[in-house]
Amino acid sequence: MSRNEQQTRTELINHVLFDRGWIDAFIREEKTPGGVDIVDGKPRKRKGRTDYLLCISVIEGKPPMPVALLEAKAEDKLPSLGIQQAKDYMKKFNVPFVFSTNGHLYAEYAEDTGQIADALSLSNFPKPENLRQRYEQIKGLQLTSDSMKPLLMPYKGGDAARYYFQDAAIRATFEKIASGNKKILLSLATGTGKTIIAAQLLYKLAQAGQLKRALFVCDRDELRTQGNAKLHGIFGDNVQIITTQDPQKNARILVATYQTLNVTEEFDEPKFWKENYPKNYFSHIIIDECHRSAWGKWSVILKDNPDAVQIGLTATPRIVTGGKKDAEGRKKDEDITAHNIEYFGEPVYEYSIGAAQDDGYLAACEVIRRVVDLDKKEITKEDIEKRSAFDPYTGKKVNPEDIEEQYTAKDYEVNLMLDDRVKAMSEDLFQHLLSTGGPHQKTIIFCARDNHANQIMLALNNIYEKWCKENKRTLKEWYAFQCTGNPDLRPSADKLIPDFRGSKNSHFIATTVELLSTGVDIPNLDNVAFFRYLESPISFYQMLGRGTRTGEPRGSKAMFRVYDYTNSTRLFGEEFISRARPSKPEEEPPAGIGSPTHTFGKNDVPKRKIIRVGEQQFTVQIQGEGSSILCVEDGKEVLIPVEEYKQRLAEKLVEDAPSIDALRQTWITPEKRIRLLDNLPGGEGAVRLVRELEDEQECDLFDVLAELGYNIPPKSRNERVAAFTYKNKVWLRGLPERTGKVLLTVAKQFEKGGIEELETTNLFDEEEIIKSGGFDALLGVKVEPQSLIQETKARLLA
């Protein structure tokens, strides 16, 4: 009988690697969370992916450095079977070598050869010193040089303080710096911890004795507060926030907004900056959210520190999807992305929202598209003159000369306020909240402008109060609230955000324009709603990113919903790639940084009169366009309608498992089950999202697939355990009494979380199994214990 992957690794691979010099300290396991299931109202982690990294030791007493990824295959599989998948992981783990082995032979792909070598004897597997020599040749670096020292320093808090992709990004950064490049761009999805990366980068530099003074600069007070908290946790009082009253020149790490430094367009001269920070004052500068704050006068920070290492952090990938090629927002995105690449170079590391969701570090996403019928047509001057239109500030009747000849959907709530549209959209969203768990869900609504945010807030509070009265519910305070940059807002946004983030009894729906679009962490956000029109893929990804965090505590949120009333999710569509503009002298920032021609926030068009049309003037109907699931196809995020996805899933499932019996046999073998799920469109995460949407959380994924692929009614985990008890009396009676009793108890573990509960390494440490006889009760039977467990799993799924 051939060994499975785990047996092959334990009985064949490990001892060969040991003989070749790969001691336990040089083999690192990286485990992804694999997402979260909500079982009986509580979060339950599902099994993630385990990857094995081969590491080399450079400095005694310091952590070894990863250089290779190792894929273990079952003994009866070709060694090259996993090499293509491993190649895909090379960039994610930032290693130059990947290997795949079945315990006898191995296959290799490496950057120095650019080729796949197959059917090599495992007994000749490269030794650590071999890979070290090849690594140094590939990178053109010596690991013992001072320039590589930060790379080899430990993390603050140890390896447990970071995720694999954060480690990969940090190593990629130090490799680039060591090669003599001082301009670095990192692109990671919102919610994946870019600020943690920044803090650990600075910590490693400090440990290596290469950090003099650092500046962490951002464009918002909330981002400054969050950045300061992460940095302070590592450096303590050596981190200080710059204020206009105190430049904090005694601190080692300074945190500031552009506004505090007087380097935004609202200031004629950066006086505060120039007076306090002379040329090359900082050794390292980290620019947070550099896709947002691009190309203003803040470029003086870079110009005045030409010798500093300058690191740009962005949540926007070089490859941005969606939008019309000639749209204004699209062009701005292309300019920003291209200038980023021109100045910093290609990102040294990229980690997309799709990859993060697949790994389980970001929440899955369901998109509900809604269509407002009024938005499909234009409103003319004649239409408005027939209705009650007035000045929103004075209440006076509108002068006909102030009415435009026509208004389109993108003018609605910007130049033309429509009370009926506001009310209809607010009522529609509220009904969706009621149907998906109730009104008290943390929700951000992105509105067209400040006045629109105010009107939506008022409408939702009125709807909520009416609902509470009709249903005899206690009214919760601050149900919907306006959270914008309006200086007249009381309380101000910075006072509202902590309650929105933390309170479970107030501050449920935030209406905003852009203030909550970047950097603000709301881990338990349930919904993101688009009530405004967007052309910018960058803005869209940023706003979408508010919902991707997996909850607090981390992992407690399985998914979030996007309510799209303006077709903003079309920006998931067609791909474009922005490449660098023709190069300029390296010491000069690209055209646009600090250039008056790039005043993206300004509008030279004469200001248009804002007109308001009151209630009961227009009939507004909202229709659904169905729900979609965010999936990754060919490396891009795409939306697939739920019904189409289910059809695709069923077709691929039946192709890989032609019958329910084939699915059952696949399902009871972890390696085969994982491979099956990986091959399905959208992977395991999308299947789990279907389970959420179909309200089948009490079922194992086996039953979700059985219904989709073979039209077999799903059974809950409890139903399967109950059926196992009476259906298998004869089989259990044929075994020793103690053995049957233990197997019954083992089968009951299925109730907790499905098939994976019978595959955990601590299965026989469960108190109820120990009490019924434990592992010893399976010994002395003609059938091997592992075979008894496999048979139990198969019978559970019968």
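**A parallel sheet and a helix pair**

In strand S14, Gln310 is the bridge partner of Lys183. The model is predicted, with local features needing pLDDT of at least 70 and side-chain atom pairs counting only at pLDDT 80 or more, while totals for chains, interfaces and linings use all residues. Residues are numbered from 1 along each chain as its sequence is written, and side-chain values use heavy atoms, with hydrogens and water left out.

Strands S9 (residues 183–188) and S14 (residues 309–314) run parallel and are joined by five bridges; strands pair if DSSP finds at least two bridges between them. Helices (H or I, at least four residues) and strands (E, at least two) are DSSP runs, numbered from the N terminus. Both strands belong to an open, parallel sheet of seven strands, ordered S11-S12-S10-S13-S14-S9-S16. Strands S11 (239–241) and S16 (349–351) stand at the edges with a single partner strand each, so one side of each has no neighbour in the sheet. From one strand to the next, the twist averages 15° (axes are lines fitted to C-alpha atoms, for helices over the stretch in contact, with angles from 0 to 180 degrees between N-to-C directions).

Helix H4 (residues 164–178) packs on this sheet, touching S9, S14 and S16, and its direction makes about 160° with that of S16; contact means heavy atoms within 4.5 Å. Helix H6 (residues 221–235) lies across S10 (214–218), S11 and S12 (253–257), at about 170° to S12.

Elsewhere, the axes of helices H23 (residues 737–748) and H26 (residues 785–796) come within 10 Å and cross at roughly 55°. Thr739, Leu743, Val746 and Ala747 of H23 meet Leu788, Ile789, Thr792 and Leu796 of H26.
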